[in-house]
Structure formats: C-alpha cells, structure tokens
Amino acid sequence: MEEKIWGCITKRLTGDETDDSKSFLDEWLADDTTHRQQYEEVKALWEMSALLQPEDAGVSFDEFSQSTVLVPERKERSFLNFWKYGIAAAVAGICLLGSLYYNQIAINHVPAEEWVVKRTQAGKMTRLTLPDSSEVWLNAGSEISFAKHFNDKKLRLVKLKGEAYFDVKHDKTHPFVVKSGKLTTTVYGTSFNIRAYANEAKTAVAVNSGKVGITGIDEQHKDFTVMLLPKDKLTYSNQNGKFLKSAVLINEVDSWIKGELVFEQTPLAEVFETLARKYNVQIEVKKEQYVACKLTARFKNQPLEAVLKTLNIALNIRSQQVKQTIYLKGGNCM
C-alpha cells in the first residue's frame with residue numbers, strides 16, 4: 001500500500017497520471033483530511049524543487065580543505081528504522097526529498113568553510129564515527145568529506161568517493177544526505193551501502209535496514225526519484241543514466257566489511273580494480289583483451305593467491321607476481 005501511494009503521488013506530480021492511479025489517489029485523499037494536507041505540502045515542495053538545480057554546485061572534492069580534525073570512536077551501534085507510520089510516512093519521504101532541494105540553496109550560497117576529509121589507502125579499511133554518532137565503514141581507496149561543524153547543520157551532508165557502509169543515527173529533524181557521483185541518497189536513520197568509485201562505470205546503493213530515497217538524472221536527462229527498502233539495490237550507469245532496481249541478499253550489502261569479495265557478473269576490468277585496492281597491489285594487464293569477460297564468484301577472506309587461482313581455473317588467466325605487481329596473461333574471453 002505504501003509503495004502504491006508513493007507511485008500515485010509521483011505520477012500526479014510528474015504529469016504521468018493514469019486513470020487507475022488518479023482514482024486510487026483521489027480515494028486516499030478523500031479518506032482523511034490529513035492526507036490532503038500532507039499532499040499539498042508535498043506538492044509545494046515538489047514545485048519549488050523543480051526550480052532548483054539537481055546537482056550540488058558547491059565545493060568539489062579537490063577543493064576541500066585537507067583538515068585533520070579527529071572524529072571520536074564510539075562502540076555502540078544502532079540499526080534504527082524510519083518511516084514507521086505507514087502511508088503517511090511514504091509521503092513524508094517526498095517531503096524529505098523536497099527539503100533536500102530546499103537546503104541546496106543554502107549549500108550553494110554559504111561561504112567556504114572547513115571540511116574534514118577522511119581517506120583509506122589501498123589494502124586498508126577504516127571505521128569512523130561521525131560527530132552525530134553515525135558510523136561509517138570506509139572501504140579501500142575511498143574518501144568521505146563532511147563539514148567540520150557537522151552537528152550544527154540542518155542537513156547532515158557527506159560526500160563520498162569510493163565505497164562506504166553507513167549506519168545512520170536517527171534524527172528526523174536533520175536529514176542525512178550522501179552525495180556520491182551523480183546520485184544523492186537521503187535518509188533519516190538507516191543502514192545502507194554505497195559504491196561509487198570514479199573509475200567504475202556504475203554507482204550502486206543497497207539497503208540493509210530502513211528506507212532511503214535516491215535522486216539523480218536518468219537517460220532522458222530528467223530528474224528521477226527511487227525509494228529503496230531493505231534488500232533493494234539500485235544500480236546506476238554513470239555513462240548513460242540508465243538505472244535498475246533489483247533485489248539483493250541482506251548479507252551481501254555489507255559483505256566487504258567482513259572481508260568477503262562478491263562478484264555477480266562483474267566485468268573483469270572492475271574485478272582487477274577491486275583486487276588492486278583490496279590487496280594493495282599493481283595489476284598489469286591489457287584490459288581491452290577482457291572486455292567480454294565477466295566473473296561470478298564469492299571469496300570469504302581468501303588470500304590473493306586463491307583469487308588468482310580461481311581466475312585461472314574459470315577463465316584460463318595466468319598470473320605472475322613480482323613483488324607488489326601482478327602480471328596477468330591469457331584467458332578464454334579474448
């Protein structure tokens with residue numbers, strides 16, 4: 001029911017309403033006076049957001065201050081769900097996305113401020129606790145940035161390059177927003193994973209608990225909004241704007257935190273990049289030779305030698321290691 005109301009409201013606001021969706025939404029609006037009030041608030045926010053640029057025109061990653069402000073560690077974790085109030089909560093989700101656009105006005109016009117930048121090197125994984133007690137696991141070769149005065153902001157904005165798993169502290173008055181490439185992910189309190197490496201063709205968001213809203217620009221250069229529930233995953237092409245919503249196993253959302261590698265029909269070029277980051281090695285290979293190759297495999301805390309052996313068995317790719325460099329040759333996908 002919740003998803004159906006969301007879909008009907010979206011269709012009306014985007015001008016894609018059908019007879020069935022109109023009838024269903026009209027009935028819902030007539031059922032309770034608070035529904036009408038909520039809808040009008042959403043409509044006002046939606047119309048306002050249409051006047052704003054969807055992309056954040058703020059400071060780029062390269063321009064961020066390289067602050068060394070330390071973020072204290074905390075041991076406790078909280079996996080809190082949000083939007084607990086049924087259909088009305090789904091409408092609140094649209095309000096949240098509207099408020100995100102509204103807050104972008106402030107983001108685009110505030111003076112430059114100091115940012116905290118946290119990075120992980122190849123072969124490393126870092127666990128951080130943000131000033132609001134939200135926890136972040138940062139994968140190898142990744143970076144997050146957030147305002148030094150994070151707790152003073154109405155919008156808890158984080159910018160990500162690479163991959164991170166978030167366990168966000170619930171705070172209904174301060175939305176938590178992650179900017180990752182061309183996507184914006186908005187939540188109040190939930191746990192989810194974002195993979196957005198600059199050298200990969202796709203950005204992916206997967207939800208472990210709670211619910212998130214994702215906005216971006218689709219293949220027709222139009223704004224899109226997608227809501228994800230637990231076990232949902234959105235994969236977005238950075239080249240053409242195509243996106244796909246699919247199901248994922250919960251234990252795969254944060255599998256990399258446990259040292260696992262999961263490849264599902266993954267292009268070998270991406271596999272090589274992942275291995276180089278995780279094991280802190282250089283991989284020398286003519287990637288154009290493997291454009292037709294994809295790998296489906298799972299490695300649970302396996303050493304690099306075991307992964308290379310699998311590549312040899314599955315794809316006849318031979319490897320030779322010289323110090324920290326892996327040379328790959330052969331293969332049956334050439």
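Reader: In which helix does Tyr279 lie?

Author: Tyr279 lies in helix H6; helices (H or I, at least four residues) and strands (E, at least two) are DSSP runs, numbered from the N terminus. This is a predicted model, in which local features need pLDDT of at least 70 and side-chain atom pairs count only at pLDDT 80 or more, while totals for chains, interfaces and linings use all residues. Residues are numbered from 1 along each chain as its sequence is written, and side-chain values use heavy atoms, with hydrogens and water left out.

Reader: Is Tyr279 buried or exposed?

Author: Buried means under 20% relative accessible area, exposed over 50%, and partly exposed in between (1.4 Å probe, protein chains only). Tyr279 has 19% relative accessibility and therefore counts as buried.

Reader: Which residues is Tyr279 in contact with, leaving aside its neighbours within four places in sequence?

Author: Contact means heavy atoms within 4.5 Å. With those neighbours left aside, Tyr279 is in contact with Leu261, Gln302, Pro303, Leu304, Val307 and Gln324. Gln324 is 45 residues from Tyr279 along the chain, and their C-alpha atoms are separated by 9.4 Å.

Reader: How does the span of helix H7 agree with its number of residues?

Author: The expected span of a helix is 1.5 Å times one less than its number of residues. The 12 residues of H7 (residues 304–315) should therefore span 16 Å, and the end C-alpha atoms are 16 Å apart, which agrees.

Reader: Which residues of H7 are buried, and which are exposed on the other side?

Author: An α-helix has 3.6 residues a turn, so residues three or four places apart point the same way. In H7 the buried residues are Leu304, Val307, Leu308, Leu311 and Leu315. They cover an arc of only 100° around the axis, which puts them on the same side of H7; the arc is that of the directions from the helix axis to the C-beta atoms. Glu305, Lys309 and Ile313 are exposed on the other side of H7.

Reader: What covers the buried residues of H7?

Author: The cover includes helix H6 (268–279) and strands S16 (294–300), S17 (317–322) and S18 (325–330).

Reader: Which residue follows H7?

Author: Asn316 follows H7, in the loop between H7 and S17. Although Asn316 is not a glycine, its phi is positive, about 60°. With a relative accessible area of 40%, Asn316 is partly exposed.

Reader: Where is Asn280 placed?

Author: Asn280 is in the loop between H6 and strand S15 (282–284). Asn280 is not a glycine either, yet has a positive phi of about 55°. At 42% relative accessibility, Asn280 counts as partly exposed.
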